[in-house]
Amino acid sequence: MAKGVTLSDAVEMIPDGASLMIGGFMGVGSPHRLIDELVRQGRKDLTVIANDTARPGAGIGRLIDAKAVKRLVATHIGLNPETQRQMIAGEIEVELCPQGTLAERIRAAGYGLGGVLTPTGVGTSAAATAREIEVDGRMFLLELPLAADFALIGAHRADYCGNLDYALTARNFNPIMAMAGATVIAEASEIVPVGVISPDEVVTPGVLVDHLVERELPHGR
Amino acid sequence: MDAKELIARRIACELKSGDLVNLGIGLPTTVARYLPPGIDVFFQAENGLIGIKPLPQIGMEDEYLADAGGGFIGAIPGACAFDSCFSFGLIRGGHVDITVLGGLQVDEQGLLANWTIPGKMVPGMGGAMDLVTGVKRVIVAMTHTNKGERKILRKCTLPLTSVRPISLVVTELAVIEPTAEGLVLKELAPGATVEQVVAATEARLIVSSNVVSMPLAA
């Protein structure tokens, strides 16, 4: 049942070129220690699937700064000029996706669906890569599932079984990504005994979490 | 009062008690400042919260509580948090009453372009395409022209945000409503004239038989 892993061991499991879903929205709810360790270990050629790349020096922006990302699937990069610069310079391949569509594509992969039909993007340039399907006279885009080798999750609390909860707007993409990564690595602000997070409060069941990053204690062990 | 404040004060008059409201980044966010007294609405942040309120004081930030622009916020009693799938279920599913968004161009069919200028500005659409496609009323807050260049056009030249027409455009000169017949000029800002609005608009305007002066929230 113990899933604890050191931060460096967790990141050593992730090879160069891996595809990563990373939770968080403008850095809020991102697994910051895992991101920093990916940079420290010099990981390269990553595919990152995330809502955004935060800002330079913050959250996923640190992977962009370190030129660790080869391909990005995101909804918004407007607040990170470095991501835009790398995209325009051809250093990084960026696929932009409407936010609701990105969430549903990730959910589809995690929930075992063959895709989702959404009205968002019909008749726009977002439709260029999706098939249009008419249902009862209304047009939808068929958006295909999006999975990844790893999901890196930023939780509020984890218990010893790996059950997770989230705080306020730090939840965002984390719970759906925890369903869609082949290997799920979570870091939490607190690790608590089993039972502290009641069954009703668990958002991500521990069975989905393959590895839980061990705490770093402010005053050592 | 500058152009942006005037636009925000006019749009604040559109909000009704009980509305679930999503405000875009920038000018739209400022609409919340002018909410008329006695009107209670819920503000949604698409990153996963109903019940935004401003941060009460610098230094009181909760690192887990931010708006869609990444700025730290507070929350009202009764606020609730949820994941991104649920948040966009609210948006796409028609559960949000009003969204206020910025605009680059609006055309005679009421179509909006507001997310990219190819080759110049490629921020990504974020939640804009879902909002314009799914929210009950879509209000565009924008300056009437950009450095003299007209933005209300016969046909948008920039990539569209949605093929669903928006509900209302509010500028520092006028309030314009897209209808099946075309764009209807309904209200004028204090001091603005019909001739001035027509000259600043490329699209054909149907001048309403009773053009009124814009109401403005205090």
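Two residues are taken to be in contact if their C-beta atoms, placed from the backbone, lie within 7 Å. The model is predicted, so local features need pLDDT of at least 70 and side-chain atom pairs count only at pLDDT 80 or more, while totals for chains, interfaces and linings use all residues. Residues are numbered from 1 along each chain as its sequence is written, with chains lettered from A and ligands numbered from 1 in the order in which they are written.

To begin with the meeting of the two chains, 39 residues of chain A are in contact with 32 residues of chain B. On the chain A side, helix 4 (81-88), helix 5 (99-110) and helix 6 (174-180) are the elements that give two or more residues; helices (H or I, at least four residues) and strands (E, at least two) are DSSP runs, numbered from the N terminus. Helix 5 of chain A gives the most, with 5 residues. By type, this side of chain A splits into 19 nonpolar, 17 polar and 3 charged residues. Here Ala, Val, Leu, Ile, Met, Phe, Trp, Tyr, Cys and Pro count as nonpolar, Asp, Glu, Lys and Arg as charged, and the others, Gly among them, as polar.

Now for chain A itself, which has 6 helices and 12 strands. Its C-alpha trace spans about 60 × 40 × 30 Å along the principal axes. Among contacts in chain A between residues at least 6 apart in sequence, 70% join residues at least 24 apart.

One open sheet of chain A has 3 strands in the order 6-8-7, with antiparallel pairing; two strands pair if DSSP finds at least two bridges between them. Strand 6 (116-118) and strand 7 (131-135) are the edge strands, each pairing on one side only. Strand 6 meets strand 8 (residues 138-143) over 3 bridges, and Val116(A) stands opposite Glu143(A) in strand 8. Helix 5 of chain A turns up again here, lying across strand 6 and strand 8.

Over in chain B, Ile25(B) sits in the loop between strand 1 (20-23) and strand 2 (42-45). Ile25(B) is buried because 20 other C-beta atoms lie within 10 Å. Leaving out residues up to four places away in sequence, Ile25(B) touches Ala68(B) and Gly69(B). Gly69(B) is 44 residues from Ile25(B) in sequence, yet the two are 6.4 Å apart in space, C-alpha to C-alpha.

Technical notes. Axes are lines fitted to C-alpha atoms, for helices over the stretch in contact, and angles run from 0 to 180 degrees between N-to-C directions. A residue is buried if 20 or more other C-beta atoms lie within 10 Å of its own, exposed if 12 or fewer, and partly exposed in between; C-beta atoms are placed from the backbone.
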